Amino acid sequence: MSYFGQRAPTDHQFLLAIFQRVDKDRNGHISADELQVALSNGTWSPFNPETVRLMISMFDRDKSGTITFDEFGALWRYVTDWQETFKSFDQDNSGNIDQTELKTALSSFGYRFSDGFYTTLMRKFDRTGQGCVNFDDFIQCCVNVQVRGVHALFVCNRSLTDGMLIVLDNSRSPQHCCWLVFAPI
């Protein structure tokens, strides 16, 4: 059952009830496995474990590797905000994001990439091979673009207009490595 598919007021009692249903072993912490079961990507397939780990690392303030109730409220808001964002860019209401919709989303966030880079992002985050990105992979894609270098590259180095950004794609590797290289002109 997916508890994150519901948009409801985030009062204390509501969050506590959800937290207790997700915390299957009743230890006061939500593990990655428990969170993965509670989340829904809209395809009846398990939520991407890498996205689950990423979100836990973002909200796990006490570095326990789990989510406590105090950390859960922020995680809940984060996931529901991403749900609304995802739905707003899923123009055809297909339940997934195609390359055009991904480009629209990232452009609205302030990013401008080449079509080749969007193709690379699609190859990396389209786990089903259907030419689209599911909800869980959309979160991971956007967070990776923002946090793991691309955003820092554009924000910290305004001189990128004096060169070009080269994407070295190694999508056939087991870890789907994608390297960004700045080449001055």
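Which ring does the charged end of K124 sit over? I found that this charged end lies over the ring of F125, 5.4 Å from the ring centre. A charge sits over a ring if NZ of Lys or CZ of Arg is within 6 Å of the ring centre and within 35 degrees of the ring normal.

**Ground rules.** I am working with a predicted model, in which local features need pLDDT of at least 70, side-chain atom pairs count only at pLDDT 80 or more, and totals for chains, interfaces and linings use all residues. Residues are numbered from 1 along each chain as its sequence is written, and side-chain values use heavy atoms, with hydrogens and water left out.

**Overall layout.** I counted eight helices and four strands in the protein. Helices (H or I, at least four residues) and strands (E, at least two) are DSSP runs, numbered from the N terminus. Read from the N terminus, the order is α-β-α-α-β-α-α-α-α-α-β-β. Of the 185 residues, 39% count as buried. Buried means under 20% relative accessible area, exposed over 50%, and partly exposed in between (1.4 Å probe, protein chains only). I also looked up contacts between residues at least 6 apart in sequence: 49% of them join residues at least 24 apart. Contact means heavy atoms within 4.5 Å.

**Back to K124.** I placed K124 in helix α6. K124 is partly exposed, at a relative accessible area of 29%.

**Aromatic pairs.** My search of the whole structure gave 15 aromatic pairs. Rings of Phe, Tyr and Trp (its six-membered ring) pair if their centres lie within 6.5 Å; planes under 30 degrees apart count as stacked, over 60 as edge-to-face and the rest as tilted.

I looked up F14 and W76: their ring centres are 5.6 Å apart and their planes stand at 80 degrees, so the pair is edge-to-face. F14 is in helix α1 (residues 12-22) and W76 in helix α4 (residues 69-89), so the pair ties together parts 62 residues apart in sequence. W76 counts as buried, at 0% relative accessibility.

W82 and F109 also form an edge-to-face pair, 6.4 Å centre to centre with 80 degrees between the planes. W82 belongs to helix α4 and F109 to the loop between α5 (99-108) and α6 (115-125), 27 residues apart. W82 is buried at 11% relative accessible area, whereas F109 is partly exposed at 33%.

I noted that ring pairs link F47, F59, Y78, W82, F86, F89, F109, F135 and F138 into a cluster.

**Helices α3 and α4.** How do the axes of α3 and α4 cross? I read that the axes of α3 (residues 49-59) and α4 come within 10 Å and cross at roughly 130 degrees. Axes are lines fitted to C-alpha atoms, for helices over the stretch in contact, and angles run from 0 to 180 degrees between N-to-C directions. This makes α3 oblique to α4; angles under 35 degrees count as roughly parallel, over 145 as roughly antiparallel, 65 to 115 as roughly perpendicular and the rest as oblique. On the α3 side the contact is made by M55, M58 and F59, and on the α4 side by E71, A74, L75, Y78 and V79.

**Positive phi.** K63, a residue other than glycine, has a positive phi near 60 degrees. I found K63 in the loop between α3 and β2 (67-68), exposed at 67% relative accessible area. N93 is not a glycine either, and its phi is about 55 degrees. N93 lies in the loop between α4 and α5 and is exposed at 68%.
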